[in-house]
Each structure stands twice: as C-alpha cells, then as structure tokens.
Amino acid sequence: MEQHHEEHGHQQHEQNDHRQHGHAYGAAGEPVSWGTAARATLHCLTGCAIGEVLGMIIGTALGWGNVQTMILAIVLAFFFGYALTLRGILAAGVDLRTAIRVALAADTLSIAVMELIDNGVIALWPGAMDAHLSDPLFWIVLAIALAAAFVITTPVNKWMIGRGKGHAVVHQYHH
C-alpha cells in the first residue's frame, strides 16, 4: 500500500512537471509519454510488417514486378494494421460499424506515415527492390526500413494521442 502511494505521488509529480513544460496530453488531461506513443506505434508496426512481408511473399511467388508487389504490400499493411485494431475494439463489445470508424480514425495517419517511410527506404536503397526473399539484403533493408518507420512515426503518434486522436480514440474502448 505504501508503495502504491509513493508511485501515485511520483505520477502526480511527473504529471505536474509535464504540464509546466508544455508537453502533450491525452483526452483525459494526462501527459502522453513516449512509452505510450511507442506502444501505439509498435502496434501499428506489427500490422504493417505482417502486411508488408505477406505482400512481398505473394508478389514474389506470383512473379509480379516491383510496383505491383509494393502496392499489394501496402494494401495488406493497411489491412492488417486496421485488423489488429478492430480485433481489440470488437472484443470490447463495440458494434462493427463503430469499430471500423474508430480503427480508421485511429490508424490511418500512423499507417500512412509508416508506409511512406518504410517503402521510401526500400525504394531508395540500392538493390533492395530487386532483392529476393532468399537474399539477406532483402531482410536487412526491410528491418532497417521498419526501424526507420518506427522512429519517425512514434512522434506523430505522440502528437496525435496528445490531441485526443489516433490511438487515444482506441484507448477509451479498452476499459
């Protein structure tokens, strides 16, 4: 019990400290931590990575060109990004129509930024677009691209959550 009071006191002090320095706050007026933004981004990254890899595997297996494969990978990245969010919202008992609206509002900007960075790195990296799934260059560049997307998208999510948008919308359904 004493530890709980100490933790609460620490959180209160931290919250006051953030308010004095003009940090972003969520819809409930609580400061948005980098950890919260990173968790939201990691959630988004998971769906994007599943879609990207699956799209590249399918495109390669079908003998498609780079452009068609990249388009499929992007479409699947959005699909799986939204699907992961939908799963959580639907589990909270929300109807499908509302859940879809929440997922679109929560993830669209995050996934779009992530895909822009991720695919931009892959497109600009010499030889990456022509690397095959069995080529270590493919996996190395993909890992670097996803890491870059994570680093660049995390501040976007922090900004959005601080304004009650993005994953802040999803969190009201996680109670």
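I shall begin with the model itself and then turn to particular residues.

This is a predicted model, in which local features need pLDDT of at least 70 and side-chain atom pairs count only at pLDDT 80 or more, while totals for chains, interfaces and linings use all residues. Residues are numbered from 1 along each chain as its sequence is written, and side-chain values use heavy atoms, with hydrogens and water left out.

The protein chain holds 6 helices and 0 strands; these are DSSP runs numbered from the N terminus, with helices (H or I) of at least four residues and strands (E) of at least two. Of the 175 residues in the chain, 36% are buried, where buried means under 20% relative accessible area, exposed over 50% and partly exposed in between, with a 1.4 Å probe and protein chains only. Among contacts between residues at least 6 apart in sequence, 67% join residues at least 24 apart; a contact means heavy atoms within 4.5 Å.

Let me now turn to one helix pair. The axes of helix 2 (residues 34-61) and helix 5 (residues 136-162) come within 8 Å and cross at roughly 140°. Axes are lines fitted to C-alpha atoms, for helices over the stretch in contact, and angles run from 0 to 180 degrees between N-to-C directions. Helix 2 and helix 5 are therefore oblique to each other, since angles under 35 degrees count as roughly parallel, over 145 as roughly antiparallel, 65 to 115 as roughly perpendicular and the rest as oblique. In helix 2, the residues that meet helix 5 include Trp 34, Leu 45 and Met 56, and their counterparts in helix 5 include Trp 139, Phe 150 and Lys 158. The residues of this contact divide into 16 nonpolar, 5 polar and 1 charged; Ala, Val, Leu, Ile, Met, Phe, Trp, Tyr, Cys and Pro count as nonpolar, Asp, Glu, Lys and Arg as charged, and the others, Gly among them, as polar.

What of the disulfides, and how many are there? The count comes to 0, a disulfide being a pair of cysteine sulfur atoms within 2.5 Å. The sulfur of Cys 44 lies 4.2 Å from its closest cysteine sulfur, in Cys 48, which is too far for a bond. Cys 44 is buried at 1% relative accessible area, and Cys 48 is buried at 0%.

Finally, Met 129 is found in the loop between helix 4 (96-124) and helix 5. Met 129 is partly exposed, at 24% relative accessibility. Leaving aside neighbours within four places in sequence, Met 129 is in contact with Asn 66, Met 70, Ile 122 and Ala 123.
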